[in-house]
Amino acid sequence: MFKVQIIRSGSAPFHFKVSAEDLNLNDESSENNFSDIIIDGEIVDDGKLFNVKGTIKCRKSFICDRCLEPSIEEQLHEFNEELTFSEVEDNIADLTELLRDTVIASQPIQNLCKSNCKGLCPICGANLNKGDCKCDQLIVDPRLEVLKNFLNK
């Protein structure tokens, strides 16, 4: 649990260096593996709400969804949330859920080793990032196959 002591009518900076297990980010069902999580931020009491803002730096290792190669990505996530007085108990704010949700919600739908990853050849399975294969990759929709015969007449 990541709890921060709040300073009334002031600001409370915080810095954590944690493992992914501390935020429950790594589990057996996930293909992502996080490590080296560094959290920096501050909580400011504005008299009405507590403003929590900061950054999360982490490293994610994963298998690329297109080429199936292992990859590592450095990530930087920003958060800026407001906590009400009812969410703070005895001037201590528990930020565990906020930090975990920030990392999870910031993950891309596809894990790619690079934005222009070419993936695998659908015929021979060669990694197209390492070079072109000699396969004819023109795949015609079987419903349109008859048009090919029409053009040859």
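Lys130 sits out in the open: this residue is exposed, with a relative accessible area of 65% (exposed means over 50%, buried under 20% and partly exposed in between, with a 1.4 Å probe and protein chains only). The model is a predicted one, in which local features need pLDDT of at least 70 and side-chain atom pairs count only at pLDDT 80 or more, while totals for chains, interfaces and linings use all residues. Residues are numbered from 1 along each chain as its sequence is written, and side-chain values use heavy atoms, with hydrogens and water left out.

Lys130 pairs up with Glu69 in a salt bridge, their closest N and O atoms being 3.6 Å apart (the rule asks for a side-chain nitrogen of Lys or Arg within 4 Å of a carboxyl oxygen of Asp or Glu). Because Glu69 belongs to the loop between β4 and β5 and Lys130 to the loop between α1 and α2, the pair ties together parts that are 61 residues apart in sequence. Glu69 is partly exposed, at 29% relative accessibility. Searching the whole structure turns up two salt bridges. Glu74 and Arg59 form one of them, at 2.6 Å from N to O. Here Glu74 comes from strand β5 and Arg59 from strand β4, so this contact links parts that are 15 residues apart in sequence. Glu74 is exposed, with a relative accessible area of 54%, whereas Arg59 counts as partly exposed at 33%.

As for the overall layout, the protein chain has two helices and six strands, which run β-β-β-β-β-β-α-α from the N terminus on. These elements are DSSP runs numbered from the N terminus, helices being H or I with at least four residues and strands E with at least two. Of the 153 residues in the protein chain, 33% are buried.

Among the buried residues are Phe14 and Phe16. They make a tilted aromatic pair, 5.8 Å centre to centre and with 35° between the planes. The count under this rule is one aromatic pair (rings of Phe, Tyr and Trp, the last by its six-membered ring, pair if their centres lie within 6.5 Å; planes under 30 degrees apart count as stacked, over 60 as edge-to-face and the rest as tilted).

The surface also carries patches, built from residues with over 30% relative accessible area and no salt bridge, joining like charges within 9 Å and nonpolar side chains (Val, Leu, Ile, Met, Phe, Trp, Tyr) within 5 Å. Asp46, Glu81, Glu82, Asp94, Glu97 and Asp101 come together in a negative one. Strand β5 (70-83) and helix α1 (96-105) are the elements that give two or more residues to it. Glu97, found in helix α1, is exposed at a relative accessible area of 60%. Then there is a nonpolar patch of Leu138, Val140, Leu144, Val146, Leu147 and Phe150, which together have about 610 Å² of accessible area (by the Shrake-Rupley method with a 1.4 Å probe, only the protein chains shown counting as cover for residues). Phe150 is part of helix α2 (residues 145-151) and counts as exposed, at 60% relative accessibility.

Finally, a word on the backbone. Most residues other than glycine have a negative phi. Asn24, however, has a positive phi, near 55°, in the loop between β2 (11-18) and β3 (33-45). Leu68 also has a positive phi, near 65°, and lies in the loop between β4 (50-63) and β5. Asn24 is exposed, with a relative accessible area of 54%, and Leu68 is exposed with 54%.

Conventions
Lys and Arg count as positive and Asp and Glu as negative; His and the chain ends are not counted. The place of a charge is taken as NZ of Lys, CZ of Arg, CG of Asp or CD of Glu.
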